[in-house]
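Subject: Structure handover

Hello,

Here is the structure to take over.

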Amino acid sequence: ERGDEMMVALQKQAAALLPSLLEAVCSEVVSARSIGIKWIQSLLLKMDCEAAIYLASHLVGDEDRSIARLAREILSAENLTSDVKMEDPLQLSFIDTQSMDGIARLQAEVERRVDEIATRLGISIEE
């Protein structure tokens with residue numbers, strides 16, 4: 001039970017990062033996406049695996065191969081723990097990222113999931 005309390009505390013701390021990471025992941029600027037995926041891999045994955053997976057799933061098909069590779073590493077089997085419940089696993093990979101409609105749907109889905117996680121953790125997200 002102590003481990004569960006610690007995980008909840010880490011998730012609450014990680015929630016403060018989510019708006020900035022969401023903006024980086026959805027950015028048109030390659031360097032922003034690159035820095036975002038590195039933060040996801042080095043920090044968020046350890047603090048909130050579920051949020052890291054949701055954000056990384058957006059970058060699996062990134063035009064920059066190094067970003068896409070890091071995203072795939074995050075989504076690899078060894079990072080998926082039994083604690084992560086994927087009700088709709090990798091649904092994001094089926095969204096057309098070549099059209100503005102697809103990108104808008106993707107961003108709306110990521111924002112919905114961030115809001116869901118923030119609500120579950122009892123925190124507010126300032127825009």
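Predicted model: local features only at pLDDT ≥ 70, side-chain atom pairs only at ≥ 80, totals over all residues.

Residues are numbered from 1 along each chain as its sequence is written, and side-chain values use heavy atoms, with hydrogens and water left out.

Overall, the protein has six helices and zero strands, in the order α-α-α-α-α-α from the N terminus. Helices are DSSP runs of H or I with at least four residues, strands are runs of E with at least two, and both are numbered from the N terminus. Of the 127 residues, 39% are buried (under 20% relative accessible area, with a 1.4 Å probe and protein chains only). Among contacts (heavy atoms within 4.5 Å) between residues at least 6 apart in sequence, 59% join residues at least 24 apart.

Leaving aside residues up to four places away in sequence, Leu44 touches Ala14, Leu18, Leu21, Trp39, Cys49, Ala51, Ala52 and Leu55.

In α5 (residues 65-74), the buried residues are Ile67, Ala68, Leu70, Ala71 and Ile74. They lie on the same side of α5 because they cover an arc of only 160° around the axis, taken from the directions from the helix axis to the C-beta atoms. Their cover includes α3 (30-47) and α4.

The search of the whole structure gave one cavity of 30 Å³ or more. A cavity here is a set of points on a 1 Å grid over the protein atoms alone where a 1.4 Å probe fits but cannot get out, and lining residues have an atom within 4 Å of a point. The volume of the largest cavity is about 50 Å³, this being the space filled by probe spheres set on the points, which are joined across faces, edges and corners. Its lining consists of Leu18, Ala51, Tyr54, Leu55, Val110, Arg113, Val114 and Ile117. α4 (49-57) and α6 (100-121) each supply at least two lining residues, and α6 gives the most, with four.

Regards

Notes. 1 Å grid on protein atoms, 1.4 Å probe; cavity = no way out; pocket = protein on both sides within 12 Å on 5 of 7 lines; lining within 4 Å. Buried < 20%, exposed > 50% of the residue type's maximum accessible area, 1.4 Å probe, protein only.
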